Amino acid sequence: MALGSIPTFLLFISTFFFMVLGDDAVGNSVKYPLVVSTWPFKEAVKAAWKAVDGGLSAVDAVVEGCSTCEELRCDGTVGPGGSPDENGETTIDALVMNGVTMEVGAVAAMRYVKDGIRAARLVMQHTEHTLLVGEKASVFAISMGLPGPSNLSSSESIEKWTKWKENHCQPNFWKNVVPAGSCGPYHPKGKVDVSEECTKTNLMGVAELRSSHISPHNHDTISMTVIDKMGHVAVGTSTNGATYKIPGR
C-alpha cells in the first residue's frame, strides 16, 4: 500500500480489528453507526465512535479516530516521533476517502506537519488533486491552517536511528547496490542477472529475510472504516511509514 501496509478496501477482512455497534445486530443485519479499525487502538475507536454517534459524518469520524492515533503515536507507527527514515527524519502519510462522493485526499512523505489525516481531508475538500507529497504537502497544510512547521522527530526515534547507524545501517530497503552490508551512499552493483534474481532459491531467501523482520511494530498502522447513521461509508489511514525507509517512500 502506498500509505500504509493494509489497503483500506481490505479493512473488513483484516485479521485484527475492533468493532463497535450502535445497536444490537439481528441475524445478519447490522444497524448503524459502525466503526472498524485495525489493531486494538481502543482510544482511536472511541474517538471515532463518539463523533459518529453524536451525529457527525463518516468522514469526520474517520478523521477524529485517526487523528487520535496520531496524537497518541499508536505503536510508534502513527503520527510524529516514530519510524525514522534512513536520514533519521520522521515523515507522515495519510489518506481519507468519502464513500458517498468517491473523493479521495492524501498526503505522503509530508514533513514538519504532524496532522496527517487532517491534511489529507483538506486535500480532498479544497483541491482537485488526490495526493500531495513532500515539502509541498507541508506548505499546503500550513497554508490551510494546520500547525507547523515543527520537528516530527523524538528522542526515541533519534535513539532508534542512531543504533541503526551503529549497526551499519542494517536492515535497509536497498538491493543490488554497493556497498552491501554497510551504510551508503549506494551505487548500482552493475548488471543484474534477472534470471538469477528470480530463481526459486533466491525468492525463498527473500521471503525468509522479510518474514524475519516482521513484528507488531514494523508491518502495520491504523486503518479505519466508519459507517454513519445515514449508512454513508468513509475510510482512512495514517502512518509514519516503514522504519529506515529510503526518504521519499
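This is a predicted model: local features need pLDDT of at least 70, side-chain atom pairs count only at pLDDT 80 or more; totals for chains, interfaces and linings use all residues.

Mentor: Let's start where two helices meet. The axes of α1 and helix α2, which covers residues 58-72, come within 7 Å and cross at roughly 150°. Those are the two things to look for, since a packed pair of helices is described by the angle between the axes and the distance between them. An angle over 145 degrees counts as roughly antiparallel, and therefore α1 and α2 are roughly antiparallel to each other. As for handedness, α1 passes α2 in a right-handed crossing. From α1, the residues that make the contact are E43, A44, A47, A48, A51 and V52, while α2 brings in A61, E64, G65, T68, C69 and L72. Sort the residues of this contact by type and you get 8 nonpolar, 2 polar and 2 charged.

Now zoom in on α1 itself. Helix α1 runs over residues 42-53, which makes 12 residues. From its first C-alpha to its last, α1 reaches 16 Å, close to the 16 Å expected at 1.5 Å a residue. Its buried residues are A44, V45, A47, A48, W49, A51 and V52. Take A44 as an example: A44 is on the buried list, and A44 is also part of the contact with α2. Once you leave α1, look for G55, a residue that follows the helix and has a positive phi, near 105°.

While we're on backbone angles, here's some background: most residues other than glycine have a negative phi, and most peptide bonds are trans. With that in mind, have a look at Y112, which is not a glycine and yet has a positive phi of about 70°. You'll find Y112 in the loop between β4 (104-110) and α3 (116-126), and Y112 is partly exposed, with a relative accessible area of 29%. C169 is another non-glycine residue with a positive phi, about 60°. C169 sits in the loop between α5 (155-166) and β6, and it is buried, at a relative accessible area of 3%.

Finally, check the peptide bonds. The bond from Y32 to P33 is cis, with omega near 15°, and P33 belongs to the loop between β1 (17-21) and β2 (34-38). The bond from V178 to P179 is cis too, with omega near 0°. P179 has its place in the loop between β6 (177-178) and β7 (187-188).

How values were computed. Residues are numbered from 1 along each chain as its sequence is written. Side-chain values use heavy atoms; hydrogens and water are left out. Helices (H or I, at least four residues) and strands (E, at least two) are DSSP runs, numbered from the N terminus. The expected span of a helix is 1.5 Å times one less than its number of residues. Buried means under 20% relative accessible area, exposed over 50%, partly exposed in between (1.4 Å probe, protein chains only). Axes are lines fitted to C-alpha atoms, for helices over the stretch in contact, and angles run from 0 to 180 degrees between N-to-C directions. Angles under 35 degrees count as roughly parallel, over 145 as roughly antiparallel, 65 to 115 as roughly perpendicular and the rest as oblique. A crossing is left-handed if the near helix is turned anticlockwise from the far one by less than a right angle, and right-handed if clockwise. Contact means heavy atoms within 4.5 Å. Ala, Val, Leu, Ile, Met, Phe, Trp, Tyr, Cys and Pro count as nonpolar, Asp, Glu, Lys and Arg as charged, and the others, Gly among them, as polar.
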